[in-house]
Amino acid sequence: MSDAQKHQHCTERFIEVANDLKNEGYDIQLVSAALMAASGIYATYSVAGNEGGLNPSGVDKVVERYRKNLESVQSIKRAQAQQQKGSAS
């Protein structure tokens, strides 16, 4: 399995968990906020381990990674919408 396939698999698993929580009756805004919190905790762990936290420059680096990732996701979603619009014509 390639790194891209592993990334996609992990992403899909997180979305499955989020959808399970939504289906259990949790508000999607709450689920989204909880996923963001968990991601922040795990991002901190991946950089600083269990013993530390991020200094301001580390926070800036993680925020920039989130920004780039979110921009990429939005670009993909826009392209998919355009493709669906074109194939519906």
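A residue is called buried under 20% relative accessible area, exposed over 50%, and partly exposed in between (1.4 Å probe, protein chains only). The model in the viewer is predicted, so local features need pLDDT of at least 70 and side-chain atom pairs count only at pLDDT 80 or more, while totals for chains, interfaces and linings use all residues. Residues are numbered from 1 along each chain as its sequence is written, and side-chain values use heavy atoms, with hydrogens and water left out.

Select G40 to begin. G40 lies in helix α2; helices are DSSP runs (H or I, at least four residues), numbered from the N terminus. With 26% relative accessibility, G40 is classed as partly exposed.

Next, select N19 in helix α1. N19 is partly exposed because its relative accessibility is 35%. Its C-alpha atom is separated by 8.6 Å from that of V31, twelve residues away along the chain.

Now show both helices. Two packed helices are described by the angle between their axes and the distance between the axes. The axes of α1 and α2 come within 9 Å and cross at roughly 145 degrees; axes are lines fitted to C-alpha atoms, over the stretch in contact, and angles run from 0 to 180 degrees between N-to-C directions. Where they meet, A18, L21 and K22 of α1 face I28, V31 and L35 of α2, contact being heavy atoms within 4.5 Å.

Finish at Y26, in the loop between α1 (3-23) and α2 (28-48). Y26 has 42% relative accessibility and therefore counts as partly exposed.

How values were computed
Helix = DSSP H or I, 4+ residues; strand = E, 2+ residues; numbered from the N terminus.
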